[in-house]
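Please take a moment with the sequence and the structure shown here before reading on.

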Amino acid sequence: MSPHMLIWEIGAFAVYFLYGSYFEWVFHRYLFHSPKLIYRTFKAHTLVHHQIYRGDETYHTHDDHPEKVAMDWWALLAMVGFHLPFFWLIQKMTGIPSLWGGVAAIVVYYSLYESLHWVMHVPDASAWLGRFRWFRFIDAHHRVHHKHMLSNLNVILPLADLTLGTLRDANGKRVQLFRQPARKPHSTKTKEPAVSQRKAA
């Protein structure tokens with residue numbers, strides 16, 4: 001691979017990694033927390049995972065081999081297979097070497113999601129991560145999701161949560177990137193009709 005192609009692939013990796021936040025948001029919102037598309041996925045996540053691990057002391061487990069934390073073993077293959085035709089088509093249409101950067105972004109994003117999500121619920125698996133502020137931030141971010149299931153849908157990169165209006169802080173308060181202007185109070189007073197005065201003849 002030439003240096004020129006490598007630069008394009010690295011750029012594609014960065015762009016697709018950011019895209020991963022939005023893909024995760026949509027996947028989490030409409031497959032994990034809605035029974036309309038794939039009920040099996042909804043049941044495994046909302047009806048099982050969220051009932052075992054709540055936003056209280058049950059958020060953590062000290063079981064070395066807990067159930068219903070990791071996704072199915074074939075999930076990564078399915079996600080790469082789903083994206084591959086789109087990455088190929090985008091590369092074909094733009095002429096920009098980006099396919100392998102896209103695949104790498106999906107693999108890295110998913111690997112971070114699975115490993116960090118595991119450690120969030122199984123802290124004994126890697127206690128040293130708790131020393132880092134960024135991990136404590138995303139851990140608190142995810143804990144709020146277990147209290148408010150339709151908020152904080154991102155696990156590792158809450159970019160989509162911030163821009164799509166589903167972000168809550170560690171106290172559960174909504175964080176809005178774009179604040180809506182305050183509405184003017186509706187006046188109940190009605191204007192009296194103007195009285196026309198005719199000059200006396």
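A salt bridge, as the term is used here, is a side-chain nitrogen of Lys or Arg lying within 4 Å of a carboxyl oxygen of Asp or Glu. In this model, which is predicted, the structure holds one such salt bridge, and the side chains that meet in it are those of D72 and R40, at 3.4 Å from N to O. The pair links distant parts of the chain, since D72 belongs to the loop between α2 and α3 whereas R40 belongs to helix α2, 32 residues apart.

Of the 201 residues in the protein chain, 36% count as buried. Among the contacts in the protein chain with a separation of 6 or more, 60% are accounted for by residues 24 or more positions apart. The protein chain exposes about 13,800 Å², and carbon and sulfur atoms supply 64% of this area.

Helix α2, which carries R40, deserves a careful look. Helix α2 covers residues 39-52, has 14 residues, and reaches 18 Å from its first C-alpha to its last, which is close to the 20 Å expected at 1.5 Å a residue. Which residues in α2 are buried? They are T41, F42, H45, T46, H49 and H50, and because these residues cover an arc of only 120 degrees around the axis, they are on the same side of α2. An α-helix has 3.6 residues a turn, so residues three or four places apart point the same way. The buried residues of α2 pack against α1, against α4 (99-121) and against α5 (133-145).

Leaving aside residues up to four places away in sequence, S34 touches R29 and F42, and F42 is one of the buried residues of α2. S34 and H45 are 11 residues apart in sequence, and their C-alpha atoms are 9.9 Å apart in space.

Two further loop residues have a backbone feature to point out. Phi of K68 is near 60 degrees, a positive value in a residue other than glycine, and phi of N152, likewise a residue other than glycine, has a positive value near 50 degrees. K68 lies in the loop between α2 and α3 (75-94), and N152 is found in the loop between α5 and α6 (159-164). Are these residues buried or exposed? K68 counts as partly exposed because its relative accessibility is 42%, whereas N152 is buried, with a relative accessible area of 0%.

The last stop is on the surface, where M1, M5, L6 and I10 form a nonpolar patch that has about 410 Å² of accessible area together. L6, one of the four residues named, lies in helix α1, which covers residues 3-32, and at 43% relative accessibility L6 counts as partly exposed.

Methods
Residues are numbered from 1 along each chain as its sequence is written. This is a predicted model: local features need pLDDT of at least 70, side-chain atom pairs count only at pLDDT 80 or more; totals for chains, interfaces and linings use all residues. Side-chain values use heavy atoms; hydrogens and water are left out. Patches are made of residues with over 30% relative accessible area and no salt bridge: like charges are joined within 9 Å, nonpolar side chains (Val, Leu, Ile, Met, Phe, Trp, Tyr) within 5 Å. Accessible areas come from the Shrake-Rupley method with a 1.4 Å probe; for residues, only the protein chains shown count as cover. Helices (H or I, at least four residues) and strands (E, at least two) are DSSP runs, numbered from the N terminus. Buried means under 20% relative accessible area, exposed over 50%, partly exposed in between (1.4 Å probe, protein chains only). The expected span of a helix is 1.5 Å times one less than its number of residues. The arc is that of the directions from the helix axis to the C-beta atoms. Contact means heavy atoms within 4.5 Å.
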